[in-house]
Amino acid sequence: MTEEDTPVNKPSTARLNLFFFAAFVIFSILIFRLAFVQFVEGPELTYMETSRNTKDIPLAPVRGPIYDATGEVALAYSEPVQSLYVLLYEDYRNDERRQEAEELAHDLAAVFKQFNPGDKEQPDAEEIIKRLDLDYQKTFGYVPRLVKSDLSTKEIAFFMEKKAEYPGVMVLEENIRKYDPDGVAVQIVGYTREFKRAPDSIAKYKAIREGASNQRDPGLVYHEEEKVGFDGLELQYQEELRGRSGYQSIDIDARNLPDGTMLQTPPEKGYSLVSTINKEIQMAAQEAITDELRRLPKAITGYAVAMEVDTGNVVAMASMPDYDPNDWDYDKIKYVFRNGTTESFPPNDAKPSRAESVVLLGSVIKPLSVLIGLKEGLFTAGQTYHDQGYAILGKDGRQVKNSHSAYNGSITARRAIEKSSNAFMIDMVGKRLLSKYGSDKGIDIWDKHMKEFGLGVSTGVDLPNEFLGRLEYNNEDESALTRLAFASFGQQAKYTTMQLAQYTTMLANKGKRMEPHLVKEIRDADGNVVKEIKPKVLNEVDFADAHWNEVHKGMVTKVSSFDGFPYDFARKTGTSEQGTGPNKKENGVFIAFAPRDNPKLAVAVVVPEGGFGSVSASPIARKIFDAYDEVYGLDGTPKGKKDEAKDKE
């Protein structure tokens with residue numbers, strides 16, 4: 001057989017026709033289906049796509065606790081409670097549906113009354129209807145409505161058992177913030193309120209609101225009812241304490257109503273803070289101030305700060321009277337709720353004679369005045385000055401007198417501190433600073449030294465809204481001579497008690513400005529230390545050691561409240577004067593550090609309108625030193641442990 005004779009297999013006409021027919025049918029079905037989807041089912045699918053969505057409803061995180069320095073006493077903590085919520089599955093704005101919701105409200109009110117007979121605080125039906133927000137004026141329909149917090153065990157058992165009879169009713173665990181019942185360091189710890197009440201003046205919450213629409217992490221979404229820090233450590237460490245939000249995920253329809261089963265992701269607990277505040281020392285400070293205020297005829301407030309010289313740890317920081325963070329009534333506490341140790345609030349409007357919370361320092365500035373005089377070469381340590389009881393200012397011969405017009409005779413700088421000579425400070429520091437540098441530069445030199453010692457600048461304390469002081473020596477309405485003369489003995493600037501404590505610490509450690517700390521550790525939910533706050537030196541000043549020693553030797557003013565104190569200690573009393581005539585106010589101020597040769601603790605006390613600092617403020621300081629000695633030991637050995645050892649013997 002030749003090549004041309006090889007047979008060829010050709011498809012039959014019938015098979016080709018069948019193939020083309022099948023292809024035609026398949027394509028026709030596809031085209032028909034696409035057309036049907038586009039023109040018939042399209043609107044319905046589009047509606048379903050646009051009308052269905054998944055919403056994440058935040059659950060408030062579990063706020064971490066705040067402990068005292070022992071790490072065992074909780075100054076603030078979150079306690080779990082069970083709350084009743086209602087989820088609205090229907091639109092109750094029409095009359096028929098609304099009647100169903102009102103019947104539910106009456107049923108719930110009856111249950112609350114059954115388990116809490118005679119309790120007028122229980123929500124009635126009318127109040128429950130308000131909380132259900134049936135007209136969606138406060139929030140969307142898919143957001144569960146809080147009906148009642150802190151359910152009793154009987155109420156919890158009832159609603160869990162009758163769950164099928166109450167569709168949409170849920171019992172959810174929440175947390176309420178509680179504080180040490182003894183009222184420890186209230187003004188330091190601060191308080192919490194609902195996020196919706198946070199003013200825009202709190203920058204971090206304003207930023208959260210502005211960025212809410214771009215927040216993609218459900219754990220960082222803030223709910224309007226969530227409790228957040230409003231003051232103190234609660235505000236300062238809001239991010240660390242907060243933890244992460246949980247959330248409930250639920251499908252919603254075009255009416256913003258639930259359309260499916262709610263899935264829940266639990267919240268995460270926040271970090272805990274271990275503060276530097278020791279409860280025992282703090283309570284001693286608070287009680288000491290309260291006792292003095294009862295005794296003093298005019299004083300209504302008092303402040304004290306106790307700060308470790310080497311670490312900057314603030315072991316006590318008292319501002320009395322304080323307030324109950326769980327019972328917030330602004331009208332009752334508006335003159336005391338800001339911590340006077342770090343902030344300034346005005347005098348009582350109803351009693352204009354009352355001093356504000358920061359006062360002129362008076363004679364406690366004199367150790368620094370002498371240091372400045374020695375540093376600037378205005379005089380030498382051995383140079384004498386004849387103190388006749390007053391200094392003369394200006395050509396008109398105006399006299400500025402010592403306290404009680406005391407005549408001190410021939411004195412050195414050291415003796416001028418001890419005797420609290422106003423005349424020495426004016427003639428040897430104020431006038432000579434002006435003579436050496438002139439008006440503007442003289443003021444600038446004084447201001448520079450003040451700020452190097454933390455007076456008039458931020459101390460760096462870990463609290464919000466620190467007041468930086470009121471620098472009256474910058475007031476150009478007065479002559480430079482008047483400003484420098486009065487500044488030299490503490491009558492030209494007002495500072496907080498915290499600034500005064502930092503200044504005292506610098507006197508004690510000879511020039512290191514320690515950053516004050518109120519928190520020493522941050523721990524995770526398992527108790528692991530995630531951050532340790534270590535001592536920090538903000539700046540150092542360079543003064544000759546001989547100058548420091550001269551000042552320390554001058555800090556020996558007699559104070560009877562320290563009779564029997566077992567340590568040599570450095571101290572300076574002060575009495576600042578504000579106003580004249582019937583409005584004249586004398587404010588008690590006192591600073592001290594102990595022991596003198598190896599300082600462990602610095603204490604500053606201010607009692608507005610307390611009179612002489614040696615009388616009103618020093619007794620408070622003595623009790624703080626004694627408490628510290630008991631707990632930690634001013635010589636490194638806690639006296640409390642010594643007493644325990646003796647008792648065992």
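This is a tutorial dialogue on reading features of a predicted model.

User: What kind of model is this, and how are residues numbered?

Analyst: It is a predicted model, in which local features need pLDDT of at least 70, side-chain atom pairs count only at pLDDT 80 or more, and totals for chains, interfaces and linings use all residues. Residues are numbered from 1 along each chain as its sequence is written, and side-chain values use heavy atoms, with hydrogens and water left out.

User: How many helices and strands does the protein have?

Analyst: Helices (H or I, at least four residues) and strands (E, at least two) are DSSP runs, numbered from the N terminus. Here there are 20 helices and 26 strands.

User: What share of the residues is buried?

Analyst: Buried means under 20% relative accessible area, exposed over 50%, and partly exposed in between (1.4 Å probe, protein chains only). The protein has 649 residues, and 51% of them are buried.

User: What do the contacts say about sequence separation?

Analyst: Contact means heavy atoms within 4.5 Å. Take the contacts between residues at least 6 apart in sequence: 72% of them join residues at least 24 apart.

User: Which residues touch the most other members of the largest nonpolar core?

Analyst: A nonpolar core is a set of buried Ala, Val, Leu, Ile, Met, Phe, Trp, Tyr and Cys residues joined through side-chain atoms within 4.5 Å. The largest one has 101 residues, and Phe-424 and Phe-453 touch the most other members. Helix H13 (residues 422-437) gives the most to this core, with eight residues.

User: Which residues does Phe-424 touch?

Analyst: Leave out residues up to four places away in sequence. Phe-424 then touches Val-370, Phe-379, Tyr-385, Ile-411, Thr-412, Ala-413, Ala-416 and Val-429. There is also a second, separate core of 35 residues, with Val-559, Tyr-567, Ala-617 and Leu-634 among them.

User: How many salt bridges are there?

Analyst: A salt bridge is a side-chain nitrogen of Lys or Arg within 4 Å of a carboxyl oxygen of Asp or Glu. By this rule there are 36 salt bridges.

User: Where do Arg-294 and Asp-291 sit relative to each other in helix H9?

Analyst: They are three residues apart in H9 (residues 279-295), so about one helical turn separates them. Arg-294 is exposed, at 65% relative accessible area. Asp-291 is partly exposed, at 35%.

User: Is Glu-292 buried or exposed?

Analyst: Glu-292 is buried, with a relative accessible area of 7%. Its side chain meets that of Arg-295 in a salt bridge (2.4 Å, N to O). Arg-295 is partly exposed, at 46% relative accessibility. This pair is also in helix H9, three residues apart, about one helical turn.

User: What span should H19 have?

Analyst: The expected span of a helix is 1.5 Å times one less than its number of residues. For the 14 residues of H19 that gives 20 Å, and the end C-alpha atoms are 20 Å apart, which agrees. H19 is mostly covered, with 11 of its 14 residues buried. Ile-620, Ile-624 and Phe-625 are among the buried ones. Gly-633 follows the helix, with a positive phi near 90°.

User: How many residues of helix H16 are buried?

Analyst: 13 of the 13 residues are buried, so H16 is largely enclosed by the rest of the structure. H16 (residues 497-509) reaches 18 Å from its first C-alpha to its last, close to the 18 Å expected. Lys-510 follows H16 and has a positive phi, near 60°.

User: Which residues form a nonpolar patch on the surface?

Analyst: Patches are made of residues with over 30% relative accessible area and no salt bridge; like charges are joined within 9 Å, nonpolar side chains (Val, Leu, Ile, Met, Phe, Trp, Tyr) within 5 Å. Phe-21, Phe-24, Val-25 and Ile-29 form such a patch, with about 420 Å² of accessible area together. Phe-21 lies in helix H1 (residues 13-51) and is exposed, at 54% relative accessibility.

How values were computed. Accessible areas come from the Shrake-Rupley method with a 1.4 Å probe; for residues, only the protein chains shown count as cover.
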